[in-house]
Amino acid sequence: AVTLVSNGEDTSGQMWLRSKATADSEGQITIKTIIPGWHNSRSIHIHVKVAFETAAGSTYAVSSQLIFNTTYLGPLLRPLAPYSQNTFELVDYWMDSIYTSASPGLCRNLILPLNG
């Protein structure tokens, strides 16, 4: 497993990752991560939480998930370890048990540039 200690939490040997990023002066962040594995009835996804503080000192946070399209990623990942050892069926985002149960009106599509 990858060791990530940017928030003081060492994830050596764990099957999960944690990180924290602070936006630059233009509100941009850069996160370098791996493509996570998948589990039963879920597509490949990353949990994110965005928090900000207003000028008046109030703090707001939004939690969401970035879901990957496995139609494209599946054939690339399946032959590679450790993904090749995953016995769960790859579920695409339109069949994901959480994504499909989201309330109407929520933003479901967000395009983010990914740099290799």
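Where in the chain is P82 found? P82 sits in the segment after α1, the helix of residues 70-77. Keep that place in mind; this walk through the structure returns to it. One caution comes first: this is a predicted model.

Start with the overall plan. The chain contains one helix and two strands. Following the sequence, the order is β-β-α. The chain has 116 residues, and 16% of them count as buried. Now look at contacts between residues with a separation of 6 or more. Among these, 33% join residues 24 or more positions apart.

Next, the strands. β1 covers residues 45-53, and β2 covers residues 59-67. How do they pair, parallel or antiparallel? The pairing is antiparallel, and it runs over nine bridges. To see how the two strands face each other, find K49: it stands opposite S63 in β2. Together β1 and β2 form a hairpin with five residues between the strands. In this hairpin, G57 takes a positive phi near 95 degrees.

Now step back to the segment before β1. S41 lies there. Its phi is also positive, near 65 degrees, and S41 is a residue other than glycine. Is S41 buried or partly exposed? Its relative accessibility is 34%, so S41 counts as partly exposed.

R42 also has its place in the segment before β1. R42 has a relative accessibility of 6%. The cut-off for buried is under 20%, so R42 counts as buried. What surrounds it? Setting aside residues up to four places away in sequence, R42 touches Q65, I67, V91, D96, S97 and I98. Two of these names, Q65 and I67, fall within the residue range of β2, 59-67. The side chain of R42 also reaches that of H45, through a polar contact of 3.4 Å.

Turn to the nonpolar side chains. In soluble globular proteins, such side chains tend to be buried together. Which residues make up the largest nonpolar core here? There are six: W38, I44, F68, L73, L77 and Y83. Take L73 as one example. Apart from neighbours within four places in sequence, L73 is in contact with I35 and F68. F68 is itself a member of the core.

W38 is buried, because its relative accessibility is 5%. Y83 has a value of 14%, so Y83 counts as buried too.

Aromatic rings come next. A pair of rings is described by the distance of the centres and the angle of the planes. The whole structure holds two aromatic pairs. One of them is formed by W38 and Y83, whose ring centres are 6.2 Å apart. Why does this pair count as stacked? The planes meet at 5 degrees, and the cut-off for stacked is under 30 degrees. The pair also links distant parts of the chain. W38 belongs to the segment before β1, while Y83 belongs to the segment after α1, and 45 residues separate them.

That brings us back to P82, in the segment after α1. What kind of peptide bond joins A81 and P82? The bond is cis, with omega about 5 degrees.

Key. Residues are numbered from 1 along each chain as its sequence is written. This is a predicted model: local features need pLDDT of at least 70, side-chain atom pairs count only at pLDDT 80 or more; totals for chains, interfaces and linings use all residues. Side-chain values use heavy atoms; hydrogens and water are left out. Two strands pair if DSSP finds at least two bridges between them. Helices (H or I, at least four residues) and strands (E, at least two) are DSSP runs, numbered from the N terminus. Buried means under 20% relative accessible area, exposed over 50%, partly exposed in between (1.4 Å probe, protein chains only). Contact means heavy atoms within 4.5 Å. A polar contact is a pair of N or O atoms within 3.5 Å; within protein, one must be able to donate a hydrogen and the other to accept it, and residues adjacent in sequence count only if both atoms are side-chain atoms. A nonpolar core is a set of buried Ala, Val, Leu, Ile, Met, Phe, Trp, Tyr and Cys residues joined through side-chain atoms within 4.5 Å. Rings of Phe, Tyr and Trp (its six-membered ring) pair if their centres lie within 6.5 Å; planes under 30 degrees apart count as stacked, over 60 as edge-to-face and the rest as tilted.
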